[in-house]
Amino acid sequence: MKRPYSYIAGTGHAVPAKVVTNDDIAAMGVETNDAWIQERTGIRQRHIAEPGESLSSLCAKASLQAMARAGVQPGEIDTIIVGTASPDHLLPSQAVEVQTALGCSRAAAFDVASACSGWLYGAIVGDSMIASGAADTVLVIGAEKLSAIVDWTDRNTCILFADGAGATVLRRARGGQKGIMSTFMRSDGALAELLWRPAGGAAEPFTPETHGTKRQFIHMAGREVFKHAVRSMAEATDRALDMARITAADVDLLIPHQANVRIIEATAKHAGISMDKVFVNVDRFGNTSAASIPIALNDAVEQGVLKEGMTVLFAAFGAGFTWGSLVVRY
Ligand code: ACO
């Protein structure tokens, strides 16, 4: 079988209504300021869910938009894949909650746990399922409510992470040139503890004592993560371009994981792609982990930056570590 196996038929995103600026975080008593955050990360503001606002509701909203754009009914979805590190419940999966909310009664639904690479890994799994004949139409979501697992007194992390959901409908490509042209994914668990939640899982179940230790929250060695992110995103862009048999000059738009504008700039520089061909919205949304690429994708569509026929390079990096890339003719 010859690529493309699948194409992006529809996109959508949803974020909580509440906007939290850098000044708002400083006003909460966190020892930081707007100038530092903007200079070191590029972030100006982010959307944060209200405590009762579920991840499921954000996923459903983003998915309904993507499905409407794709012209797909709930009964036509064969598979739902949700990339998330902050599901509403640890058991069962986020994906089955989304399935129920959408009424996709025919679908198989499961989560992908690969942090910020979650949507990209999910898209590769969805594309592979379509290639194998296991599915024709796959709903791939990246969604996070990171505000629930962030220590709001830790200035290393609370200034970065945010909430939101992005959804994409992948459909079987039936001839033509439109679709996923190459995929690349890698992981390295040896450095897992540079970005992790030590407690809350089966190895260290949550107890009343955990509360004081804050080990249930995200812990991150920022400088180390930064170095690995730059290196891995560089490998990811190289590999996807090689496998699609194209060069940077053929790329119309780079949509990278929105973690930090300095990582994005380093990735673009390595790939030889000028910043006017790079989509950046980390300034408005912060780092929404698995949701960041599909939110950026839909934002680019809605702003008219991404147009049909363009060649798009996606690159992700996340906890694990996990990293990967896609080349898509949109
Ligand atoms: N406000 C003000 N000052 C701060 C803050 C803050 N929020 N955080 C740290 N500082 C201080 C530090 O204490 C340090 O002070 P010192 O020089 O007196 O010791 C100084 O600023 C520099 O600190 P660094 O940690 O070296 O700052 P750096 O330039 O590395 O930026 C950051 C920190 C933004 C976290 C950066 O390392 C980064 O972006 N890392 C990657 C994080 C990331 O992208 N994670 C997610 C990727 S994977 C995923 O998305 C799940």
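## Ligand shell, domains and nonpolar cores

Helix α7 provides the largest share of the shell around the ligand, four residues. The model is predicted: local features need pLDDT of at least 70, side-chain atom pairs count only at pLDDT 80 or more, and totals for chains, interfaces and linings use all residues. Residues are numbered from 1 along each chain as its sequence is written, and side-chain values use heavy atoms, with hydrogens and water left out.

**Ligand surroundings.** In the shell around the ligand, α2, α7, α8 and β12 each supply at least two residues. Helices (H or I, at least four residues) and strands (E, at least two) are DSSP runs numbered from the N terminus. The ligand is surrounded by 22 residues, of which Thr32, Arg40, Cys116, Arg223 and Asn260 are the closest; a residue is near a molecule if one of its heavy atoms lies within 4 Å of it. The table gives polar contacts (pairs of N or O atoms within 3.5 Å; within protein, one must be able to donate a hydrogen and the other to accept it, and residues adjacent in sequence count only if both atoms are side-chain atoms).

| Side chain | Ligand atom | Distance |
|---|---|---|
| His257 | oxygen | 2.9 Å |
| Asn260 | oxygen | 2.6 Å |
| Arg262 | oxygen | 3.0 Å |

Taken alone, the ligand exposes 1000 Å², and the protein buries 77% of that; accessible areas come from the Shrake-Rupley method with a 1.4 Å probe, and for residues only the protein chains shown count as cover.

**Domains.** The chain is assigned domain 1 (6-172) and domain 2 (179-329), with bounds from an automatic or database domain assignment. Their C-alpha centres are 14 Å apart. In contact (heavy atoms within 4.5 Å) are 55 residues of domain 1 and 48 residues of domain 2.

**Nonpolar cores.** A nonpolar core is a set of buried Ala, Val, Leu, Ile, Met, Phe, Trp, Tyr and Cys residues joined through side-chain atoms within 4.5 Å, where buried means under 20% relative accessible area (1.4 Å probe, protein chains only). The largest core has 33 residues, and Phe161, Ile218, Val225 and Phe317 touch the most other members. Helix α7 gives the most to this core, with four residues. Both domain 1 and domain 2 give residues to this core, so it lies between them. Beyond its neighbours within four places in sequence, Val225 is in contact with Leu194, Leu195, Met220, Phe317 and Phe321.

Note on methods. Buried < 20%, exposed > 50% of the residue type's maximum accessible area, 1.4 Å probe, protein only.
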